[in-house]
Amino acid sequence: MAKLHINNSKKKAVIAPEIYGHFSEHLGRCIYEGIYVGEDSDIPNVNGMRKDVVEALKEIQIPVLRWPGGCFADEYHWKDGIGPKETRKKMINTHWGGVVEDNSFGTHEFFELCRQLGCKTYINGNVGSGTVQEMSEWVEYMTFQGVSPMADLRKENGHEDAWKIDYFGVGNENWGCGGNMRPSYYADLYRRYQTYVRTYDAQKPIKKICGGANVADYEWTKTVLDVTHDHAPDFVHGFMDGLSLHYYVHPEGWDIKGSATDFDEKCWYKTLGKALYMQELVERHSAIMDQYDPEKKIGMVVDEWGTWYTVEPGTNPGFLYQQNTVRDALVAGITLNIFNQHADRVKMANLAQMVNVLQSVLLTEGDKMVKTPTYHVFHMYRHHQGATLLSSELTDSDVISSEEWNLPEITDSVSENEDGIITITVNNLSATDTKDLEISLAEGEYHVLEASIVTGEIHAHNTFDAPETVVEKAFDRYRMENGKVYATLPAASVVMIRLQK
């Protein structure tokens, strides 16, 4: 029997709510049809935003939303997306599907969406094909409250008050689609561009995100920090608040990727093993960041993560539309546990993407909407947001082994909120076997407040005809005995248990 010992007297870092962030790019049907249908649509909407989608997202307490990309960010010129919609420029989305982008969803619409969601804003600026002036004027347009050309333009376009930018990304994937730059070149550009991402209101500071590495490019991380940190420490303050990291799980490799729903047990474990690789990436990039930032003032921002499969048959390859199974639920549970465990350094993460693209939490088709297994994991894990990570140790847990992988049977993370309620999230990675788990606490007497589970046959997924095949359900396979919780975790399951004194 595996044993999870929780030292609830040993409190660690606060789990930033932003770890549970999301990402919306002008890609496929994420924005258009997925989130935004326009004010004249027959689909129920508020100012063009789908009511069903917004309500579902509010249920998982979305803390922050990233926009407009992604690769799209470095070909996006913000002035094309303001003013009367009938006069906005049309363009070809060269990255994603070669379709016409009519810019009907722009700056005003993004802030309206975030207002409806009640979430923080994360804007990605254009370094790849944009100018310093363009980026500077966009920040002025969005955040300057006084008299200025851009503030006046915002008011002419119908929004009197300035908005708040919580996070601003200076470029995206500048090692690739954002300009194919070398790290030293991008780092110099970062120094220049971030200078003009000005905080006009000291009560509304903008946190600046520097473009970080692709997967295991540790040299990128080191070089960027070398170039940006070769000056006085007091200048660094307010200069860089986060450094990004991107990592996608491709079960069969970048070129083949593999099907979202048609896979064997071997591919199940291969996928989960690649999800667990996030642990090594976080730790090794963190070690480099520690050399320049030992006080951990710069957050690691994993602003693109998730599974990436071959698109669903019959769909536009550039739209990246894929189904979402119990396998994705486990990837989500594993990854979020890793982020929680490294809450001292990981300060934000953004699942790619929110609706209809890659490992989305929602799928839409016309006026229909379905919540994916990943959605239900995010709903379950929402209790970790803003809670304090507790020290936990998992022992006597076996390893799932083959010639290709060695995976832990169980992963976990544990937190305690301000009310003293302890949230435990555990994953059983086995595709076939139940696992017994003993949970003990260092001090205090607790009872189970609530418990829930997301599980099913490994290929199980939700469709528009069967939207509740995989849902979050009450979990009752546990007992209390001598102050300990004894739980039986079904195969392929994500389980949450909440304890209260």
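Modeller: The cover over the buried residues of helix H4 includes helix H2 (107–117) and helix H3 (132–143), where a contact means heavy atoms within 4.5 Å. Helices (H or I, at least four residues) and strands (E, at least two) are DSSP runs, numbered from the N terminus. The model is predicted, so that local features need pLDDT of at least 70 and side-chain atom pairs count only at pLDDT 80 or more, while totals for chains, interfaces and linings use all residues. Residues are numbered from 1 along each chain as its sequence is written, and side-chain values use heavy atoms, with hydrogens and water left out.

In H4 itself, which takes in residues 149–156, the buried residues are Met150, Ala151 and Arg154. These residues lie on the same side of H4, because they cover an arc of only 100 degrees around the axis, the arc being that of the directions from the helix axis to the C-beta atoms. An α-helix has 3.6 residues a turn, so residues three or four places apart point the same way. On the other side of H4, Pro149 and Glu156 are exposed. Here buried means under 20% relative accessible area, exposed means over 50%, and partly exposed lies in between (1.4 Å probe, protein chains only). Just after H4, glycine 158 has a positive phi of about 100 degrees.

Helix H10 (residues 373–381) gives another picture: 9 of its 9 residues are buried, so H10 is largely enclosed by the rest of the structure. Among these buried residues are Tyr375, His376, Phe378 and Tyr381. In helix H8 (residues 265–292), which holds glutamate 283, that glutamate is partly exposed, with a relative accessible area of 40%.

E24 is antiparallel to strand E25 (residues 484–489), with 4 bridges between them, and glutamate 481 is opposite lysine 484 in E25.

Within this sheet, strand E19 (410–416) has 7 of its 7 residues buried, so E19 is largely enclosed by the rest of the structure. Both of its faces are covered, with Ile410, Asp412, Val414 and Glu416 buried on one side and Thr411, Ser413 and Ser415 buried on the other. In a regular strand the side chains alternate between the two faces of the sheet. E19 runs antiparallel to E16, to which 2 bridges join it, and also antiparallel to E20, with 7 bridges. Serine 415 has threonine 423 in E20 as its bridge partner. The hairpin of E19 and E20 has 5 residues between the strands, and in it glycine 420 takes a positive phi near 80 degrees.

Most residues other than glycine have a negative phi, and most peptide bonds are trans. Leucine 358, however, has a positive phi near 50 degrees; this leucine sits in the loop between E13 and E14 and counts as buried at 1% relative accessibility. In the loop between strand E13 (346–352) and strand E14 (362–365) one also finds glutamine 353, which a cis peptide bond joins to alanine 352, with omega about -10 degrees.

For the chain as a whole, there are 10 helices and 26 strands, and 60% of the 501 residues count as buried. Its radius of gyration of 22 Å agrees with the value near 23 Å that a compact globule of 501 residues would have; this radius is taken over C-alpha atoms, and the globule rule is 2.2 Å times the number of residues to the power 0.38.

Technical notes: Pairing = 2+ DSSP bridges.
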